[in-house]
Amino acid sequence: MKGFPTLSVITWAPFVGAVLIMFLARHRPLLVRWIALLSTGVSLALSIWIYATYEREAAGFQFYEELSLVPPLGINYQLGVDGVSLLMVLLTSIVIFAGVFASWTVKERSQEFYALLLLLVTGVFGVFVSLDLFVLFLFYEIAVLPMYLLIGIWGSSGEIRPQGIFGWALRRTGVGTKEYAAMKLTLYLLFGSAFILVGILALYVAAGSSSFSFLEMEAIQFDPALQSWVFLAFYVGFGILAGIWPLHTWSPDGHASAPTAVSMLHAGVLMKLGAYGFLRLGLGLLPDGATQWVWLVGTIGCVNIVYGALSAMAQTDLKYVIAYSSVSHMGVVMLGLATLTENGLNGSVFQMFAHGIMTGLFFALVGLVYEKAHSRAIFSMGGFGQMMPGIATAFTVAGLSSLGLPATAGFVAEFLTFLGAWQSAYSWWLFPGVLGAFLTSVYVLRVAKQIFWGPKSADPHFQHLPDAQGPEWVALIILVGVLVLFGVAPGIAIGPVDTATVPLLLRLGVLP
Amino acid sequence: MALEVGLAVLILLVFVGGLSWRGQDKRRLGVLVAIGLVILLWMAFRAEPGAALFGGSFVQDELAIFSKRLFLLATILGVLASLSLRAPTFARRATEYYVAMLASLLGMLVLASARELILLFVAFELMSIPLYVISGFCKREEEAVEAALKFFLIGTVSSAFIVYGLSFVYGISNTTDLAGVAVALQDGHPLLILGMVLTLGGLGFKIAAFPFHMWVPDTYEAASTPFVAWLSVAPKAAGFVVMFRLYLEGVGGPVVLWVPVAAGLATITIIAGNLMAIPQQNVKRLLAYSGIAHIGYMLIGFAAVSASGVAMMLFYLVAYLFGNMGAFFVVEAVAQSDGSEAISAYKGLAQRSPVLALCMLLFLLSLGGIPFVAGFWAKLLVFKAAAEQGLYWLVLVGAILTVVALFYYLLVAKRMYIDAPERTHPVPVSPFLAFSIFVCVAGVVGVGVYPKPLVMAALRAASGLF
């Protein structure tokens, strides 16, 4: 399709913003924010536009663009979106747009902060829209690396005191500090990318060393033995980013130490990058490998759900609660993918979106609470609902979505996923899933009650706290609005997603 | 042949110029050297593959031309950076320095074209011996003498290995012509294989593959940084060219013999280099060990024993040239300003000299293999070549150890960007050094953003070997 390169503009607009910020906005903090807002606004507007104009009857990849990069190796800059990536692009642009507002108050070195943040977003968009495995990998790496500096420079160190028999060893690593978290996160994710790279190269060679194109590989039936190990490589590689147990430990540390906008983006969008990559490359290219290994994927997804929820219950640091809840919810996503049913897959993709918005909202709120009260310790705070009604309400909405209350996006996602789990070959998956949803309600309501709705804390520091202000309101309203909108009218999202999951399942041979 | 003759003339000019120079400061000679080398580089870019000379012992094929350009480019950068050296001993003895450097370069140029065992060995020694001399250039410093001695002893032993191995090769194949050796290899006589493996051991010392690497960190630490930058790239590239000529060119089917040897050597070199780099506190030592690891990555391309493997390795060498030399130049700039080569000297560099810190970051990212800088393509292409050979396990080892490498590169990045500065004044960079750094940054980013021409050139250079 010739014409306006919409996807390229969506992807590269933040990058252009980052370059402009570096060159034009030295020592002009307000200009920095306006440029960031404008460039992410362009992406948001265009992603809404492509969402609206995507032709559902035609399905498949649309808004196709192609440019030859390294012809002798078959590397092409090839972009396109189907129903799943469409929703992911929308998610990314909403979260980053809200993220720019939420980090309006970053003071220290804000120029570099916004530039790196926008660079990161370009990487994320790139992964969702690329159809060339090589370019996808390229963007994937870009999405990982700025994180090191973002957490290392602007992050916050928590008050973790390692205990237990290995406490002495953990203390030596500097656990809880932002430097530790930044390094851990970066190394884990790069470790994962090593597996992805091997998998991609294996497919490339098996397909005849002529093209990295997803569309061409999709048409090839790979050898089952190859599929089996490449699937595992993709599972480990993308799974690390999706936070699969037991490789999830970077996520609580990283998300708790990261600055607000980065936590929002990372927990909200980057973890979906893992799930998306797994869906696109793992399920999309390796049907035999998928049918062979889904039992493992689904079972570990169940472990994630329960383990994440139990861990979240044990935390005393507000940010860690939210971080562990992400681990739990990503379990739902992986479980949904493993069901290989239409409902399960739709639910899973919907959960990626719902959780992205919800966790983005959570981290924005935690950031706001921390900024006003300078505390993340749950049990020292109390009764904030009277002083900051806006923040309290938003937190409660996010919490209700998190535990899957009807009329929020979380309900639709979990309902579909669990339905899929029941319909799948391993119907017992339903029980850990439901148990997880129950545990979630315990920890979410406990936190909401303690901090916002319970009796007021006696601590004099917490007597006069302001509510959200100016730009912060914008972030909250956008995210709460989307969460409720998609809960009330899930069809907006399920429609396009269905056009992508049904052909995928047909290819997997699950649907007749 | 024109290049070699031109270089010989340049050496004589520098020699005579140095003798007739009045005054203590002879550094200006470097400008003459640089200009001469730029002319030679221009000639190298215009050179066309020609007929073999001297009965086939001297060839000017695509591989020779490609590697000669690489040697000349590395030498120009090394010479430019050396113009910023301020030590009085250097100023007084600059003639020796440049003549030795150019003599070594002459060895490399001949080496790239040698297709005959004796010429190959003579060129190899011509390349190596001046390196020992320059390593001990600061003869009043104990460390420099120690480093030079260590380098010299290990270097001679490795030369002995090579000669010993080559004697077997000659004994079995009855010819010193490499084409004849390749033919003899078809029979796979065990003594011939033994000779070749012994030679590989000797070459392993020169390219600093593990376990033949131990001279590297000490020599790098003690010798002057612009020289080390050059030493870390050019002679190793020459070593690899010899390996292509000796083990791959025209061998045909039996070439798979070298797969396990090269893959094993690559694996241990990557693992050892990367792991030993972690505890280093001195940047030059860190880069020395990381350089060993990079040699391992290049050996992956060698282990692929295919045209694309060799091409990707040549590509890797170019990426490594820009990234590694650039990093050493930044080290030199910081050392000239703060008098320290410790990693802790980089604290807060991003706030003192943002541009210099950004350059260093780009070099480190390139060495670490991150997209949009040259090193990423280099690693990826080498992996691709190995994957085509079915060496997936090697790719996995390499890719995982890249994470280790990024760990220690990021530790330097952390000092520069996250830690608070200890000093406030910016780091002054002399113009010649700044220019060399600029060229390296341009190379790293240029190749990273638009790798196509270089990939094509490398593929063309390697196409004649198989």
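**Exercise 1.** Leaving aside its neighbours within four places in sequence, with which residues is B:Leu410 in contact? Then decide whether B:Leu410 is buried or exposed.

*Solution.* 
- Step 1. The model is predicted, and the predictor gives the complex an ipTM of 0.78 and a pTM of 0.85.
- Step 2. Locate the residue: B:Leu410 sits in helix α19 of chain B, residues 392-417.
- Step 3. With neighbours within four places in sequence left aside, the contacts of B:Leu410 are A:Tyr148, A:Met183 and A:Thr186.
- Step 4. A residue needs 20 or more other C-beta atoms within 10 Å to be buried. B:Leu410 has 25 C-beta neighbours inside 10 Å, so it counts as buried.

**Exercise 2.** Describe the side of chain A that touches chain B, by helix and by residue class.

*Solution.* 
- Step 1. Count the contacts: 23 residues of chain A are in contact with 24 residues of chain B.
- Step 2. On the chain A side, α5 (133-144), α6 (146-154) and α8 (178-206) each supply at least two residues.
- Step 3. The largest share, 12 residues, comes from α8(A).
- Step 4. Sorted by class, this side of chain A has 18 nonpolar, 3 polar and 2 charged residues.

**Exercise 3.** Which residues touch the most other members of the largest nonpolar core?

*Solution.* 
- Step 1. The core has 408 residues, and those touching the most other members are A:Ile357, B:Leu111, B:Ala303 and B:Phe315.
- Step 2. Helix α15 of chain B, residues 307-338, gives the most to this core, with 21 residues.
- Step 3. Take B:Ala303 as a case: leaving aside neighbours within four places in sequence, its contacts include B:Val259, B:Ala262, B:Ala386 and B:Leu394.

**Exercise 4.** In what sense do strands β1 and β2 of chain B pair?

*Solution.* 
- Step 1. β1(B), residues 50-53, and β2(B), residues 58-60, pair in the antiparallel sense over 2 bridges.
- Step 2. B:Gly50 has B:Gln60 as its bridge partner.
- Step 3. The hairpin has 4 residues between the strands, and B:Phe54 takes a positive phi near 50°.

Conventions: Residues numbered from 1 in each chain as written. Chains lettered and ligands numbered in written order. Predicted model: local features only at pLDDT ≥ 70, side-chain atom pairs only at ≥ 80, totals over all residues. Pairing = 2+ DSSP bridges. Contact = placed C-beta atoms within 7 Å. Nonpolar A, V, L, I, M, F, W, Y, C, P; charged D, E, K, R; others polar. Core = buried A, V, L, I, M, F, W, Y, C linked by C-beta atoms within 7 Å. Buried ≥ 20, exposed ≤ 12 C-beta atoms within 10 Å, placed from the backbone.
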